[in-house]
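Here are some notes to read beside the model. Please keep the sequence and the structure open while going through them.

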Amino acid sequence: MKSYLDLVPQYEKVHRKQSKMSRICIILAVFLVAVMFGLADMYLQGITQKVMQENGDWHYQITSIDTKTSDLIAARPEVEVSGWHSTISADAGYSISGQPIAISGLDEDVFGEIYLASLAEGKYPNAANEIAVSSVLKESNDLDLGSVIDLTCPDGSTVSFSIVGFFDNPEKARLIVGSEQSVILAQEGFTTFISASNSPASEKYIIQLSQHCDMSSTIEKIKSQYSLSDGQIEANMNLLNIEGQLAGKTGVNQIYSIALILSIIVMLTCILMISSTLNSNVTQRTEFFGMLRCLGATKKQIMNFVRLEGLYWCKTAIPAGVALSIVVVWVTSAAMRKISPQWFAYMPTWGISWISIAVSVLLGLLTVLLAARTPAKKAAKSSPLEAVSGNAQQTTMFRKAANTSFFKIETAMGVHHAKSNKKNYILMTGAFAICIVLFLTFSTLVNFMQNAFMPSEWTPELSIVSETNTCSIDSVLLENIKQNENVKRAYGRMFAYDVPVNIDGSNHKANVISYEANQFKWSADYLTAGSISVVEQEENQVLVVNTENTDVRVGDVITLSINGKEQAVTVAGILSDSPLAREEGTETIFCSEKTFVALTGQTGYTIIDVQFQNGASIEDVKDIENIFTDGGVVFTEQLSQVQQQRNLYSAFAVLVYGFLSIIVAITIFHIMNTINMGVIAKTKQYGTMRAIGMSNQQLIKMIVAEAMTYAVSGIILGCIIGLPMHWVVFASLITNFWGTAWSIPIFPLALIVGIVLFTSFLAVRSPAKRLHDMAIVDTIKSQQ
């Protein structure tokens with residue numbers, strides 16, 4: 001052995017179980033950071049691929065330049081791929097067998113590497129007389145490879161081409177040429193063709209720049225060097241934004257900034273967890289470090305010993321955390337592709353995020369080194385005298401005895417022990433508190449997700465509206481709709497527009513609208529006074545939406561003039577707002593269908609809204625539309641849009657609830673680990689207490705009291721910090737966008753507080769049972 005540090009691997013082989021909790025903490029820290037950056041990277045890769053497929057993998061298009069200039073641009077080291085792209089629209093008068101066609105001329109590199117297209121059959125045209133044809137033209141004209149086709153020009157002349165390839169992707173055809181009925185020529189062949197036919201064409205020079213250059217600076221140099229104007233250059237803004245090549249807040253910067261902020265919070269949490277674990281570990285080995293001092297080790301060597309221990313754990317913990325994160329990223333990416341293919345179809349299947357690996361390893365090492373600082377200093381303070389005397393377990397000087405005024409002796413001692421070591425008490429309380437802060441802060445993502453992605457409960461997937469905006473839709477048709485097994489919910493509304501109404505002696509106009517059970521239930525969120533059930537069950541009772549024009553109160557009687565007849569109704573409830581209260585200066589009144597029929601004599605509906613079962617298709621929508629054979633209605637279908645929103649919500653729900661679950665798991669693990677390590681560190685003290693007469697029951701109560709002191713203190717500190725943090729994030733994410741007022745998050749707060757208290761109570765059972773089973777002599781002689 002050349003150095004005291006050589007003891008670290010040997011010590012770890014013998015005491016591997018003692019460091020198990022510390023290694024798990026490191027694995028968690030690396031895992032969480034790698035997952036966040038990995039998912040961010042996979043999302044960016046997916047959205048980048050989506051933008052490339054939809055718009056092409058080009059950065060700038062330049063028009064009105066000559067071939068000499070284009071050759072000079074192509075020779076620049078920053079330019080990866082470049083080439084000409086020329087098109088003639090389908091409106092120019094060119095045709096094949098009488099069918100109007102669009103024509104495009106571009107090099108094979110531009111076709112494949114910039115537009116990411118490929119041929120279904122054959123090869124790409126190279127010669128002037130070769131052509132590639134879309135599958136639409138192939139099927140309509142029964143064409144084969146090698147066939148000769150005549151392209152008819154606007155002046156009636158024809159040019160013959162030999163078919164060498166077919167492309168069958170209509171989206172790529174529209175992207176490249178602008179039409180599904182299209183043909184592609186090599187750039188050389190296109191130039192020869194337009195020269196012979198004297199046809200006008202749109203020509204642009206497309207460039208793809210290297211990812212390793214500053215693209216904004218490069219294009220500015222090109223503009224300056226070749227005297228180009230801003231009007232000659234078009235940028236692919238979506239791609240530049242995703243790749244972080246625009247000044248200011250770009251998509252990639254924002255996503256990685258969020259991931260970094262979350263990682264720092266996780267890192268702080270794990271620093272407290274690892275530091276707490278190391279602190280308990282060092283406390284158990286005070287005599288060991290004192291013995292090293294007896295053998296000549298300096299304080300600096302002891303501190304390096306503790307730091308090297310942490311780094312030694314990283315040797316196995318970091319690879320384990322990275323490997324676990326890769327698997328989770330793969331599974332999560334697959335789930336998101338399945339749940340919402342419209343948004344995440346291009347996420348990599350087996351992608352490896354090198355940036356997530358690099359960041360997680362770096363932050364993992366930094367976390368361990370920062371967490372080891374305080375325990376290393378504590379270990380360095382171990383004196384040789386403590387090792388020789390054996391009095392290494394109690395170094396704190398007690399100036400005050402335990403307060404037994406309010407608690408029994410065992411409970412008072414538990415509270416006193418928890419607070420006796422101020423640094424340890426602050427560390428433990430802070431570790432508990434940060435778990436609560438973390439949970440409360442990230443619980444706002446649930447509210448954000450519900451507002452941003454989840455359609456409102458009343459959102460229809462099909463609306464059937466009377467063409468005349470009258471009560472002309474027969475109520476029997478609504479019953480027929482409900483009979484369809486693919487219909488989840490169908491409900492109608494009767495409307496009476498611009499009804500004269502007298503409210504508190506002043507005249508106004510109002511829209512009177514009928515509600516049924518579902519709509520009454522949804523309006524409960526807006527109720528500020530009165531009762532909805534009264535309106536639903538009793539006749540001539542109404543709900544009124546509160547406006548600045550009137551001062552309506554529950555119990556007021558208002559008079560409606562309908563069909564030349566004045567009818568009095570009673571206000572049974574006040575609503576703060578309604579999705580149907582959209583007309584300025586017009587009051588909105590809701591009543592039951594029974595009341596509406598009594599007031600107006602109308603029994604038909606003005607609007608019927610339909611919501612479908614999960615998995616419904618456009619064919620199910622058509623089935624409902626076919627019920628209305630007599631016409632007189634207008635259909636508004638948004639099934640696919642609502643389904644996309646729900647799929648997007650489900651995809652984000654996987655991430656949000658998964659992350660919150662991990663936070664809960666960290667909280668549970670940390671509490672159990674901390675309390676367990678604390679009990680192990682004080683095993684000798686507990687043995688001494690048992691030796692002087694403390695019963696096993698009293699010992700358990702003392703340990704419970706100590707654990708609950710940490711828990712309650714952590715809860716108080718967590719609420720003091722966490723609630724303001726929750727308010728700040730809630731206001732930024734939700735109030736600023738949707739106007740929803742902040743309120744104390746009762747359920748998330750009760751949940752995390754309950755978890756902390758319950759886990760703290762359960763965490764005592766295992767170490768208490770272990771102490772109970774040990775003989776008093778063994779606990780006193782206990783040495784780690």
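1. Basis. This is a predicted model, in which local features need pLDDT of at least 70 and side-chain atom pairs count only at pLDDT 80 or more, while totals for chains, interfaces and linings use all residues. Residues are numbered from 1 along each chain as its sequence is written, and side-chain values use heavy atoms, with hydrogens and water left out.

2. Salt bridges overall. The structure holds nine salt bridges. The term stands for a side-chain nitrogen of Lys or Arg within 4 Å of a carboxyl oxygen of Asp or Glu. Three of these pairs are taken up in the points that follow.

3. Arg 76 and Glu 78. Their side chains form a salt bridge, with 3.4 Å from N to O. Are these residues buried or exposed? Arg 76 is buried at 14% relative accessibility, and Glu 78 is buried at 17%. Buried means under 20% relative accessible area, exposed means over 50%, and partly exposed lies in between (1.4 Å probe, protein chains only).

4. Lys 223 and Glu 220. In this salt bridge the closest N and O atoms are 3.6 Å apart. Both residues belong to helix H8 (residues 215-225), where they sit three residues apart, so about one helical turn separates them. Helices (H or I, at least four residues) and strands (E, at least two) are DSSP runs, numbered from the N terminus. Lys 223 is buried, with a relative accessible area of 15%, whereas Glu 220 is partly exposed at 45%.

5. Glu 625 and Lys 622. The closest N and O atoms of this salt bridge are 3.8 Å apart. The two residues are three apart in helix H23 (residues 618-625), which means that about one helical turn lies between them. Glu 625 counts as buried at 16% relative accessibility, and Lys 622 as partly exposed at 44%.

6. A network. Which residues are joined by salt bridges that share partners? Glu 220, Lys 223 and Asp 230 form one such network.

7. Ser 463. This residue lies in strand S13 (residues 462-466) and is buried, with 13% relative accessible area. Its side chain makes a polar contact of 2.8 Å with the side chain of Asp 609. A polar contact is a pair of N or O atoms within 3.5 Å; within protein, one must be able to donate a hydrogen and the other to accept it, and residues adjacent in sequence count only if both atoms are side-chain atoms.

8. Neighbours of Ser 463. Leaving aside residues up to four places away in sequence, Ser 463 touches Ile 608, Asp 609, Val 634, Phe 635 and Thr 636. Contact here means heavy atoms within 4.5 Å.
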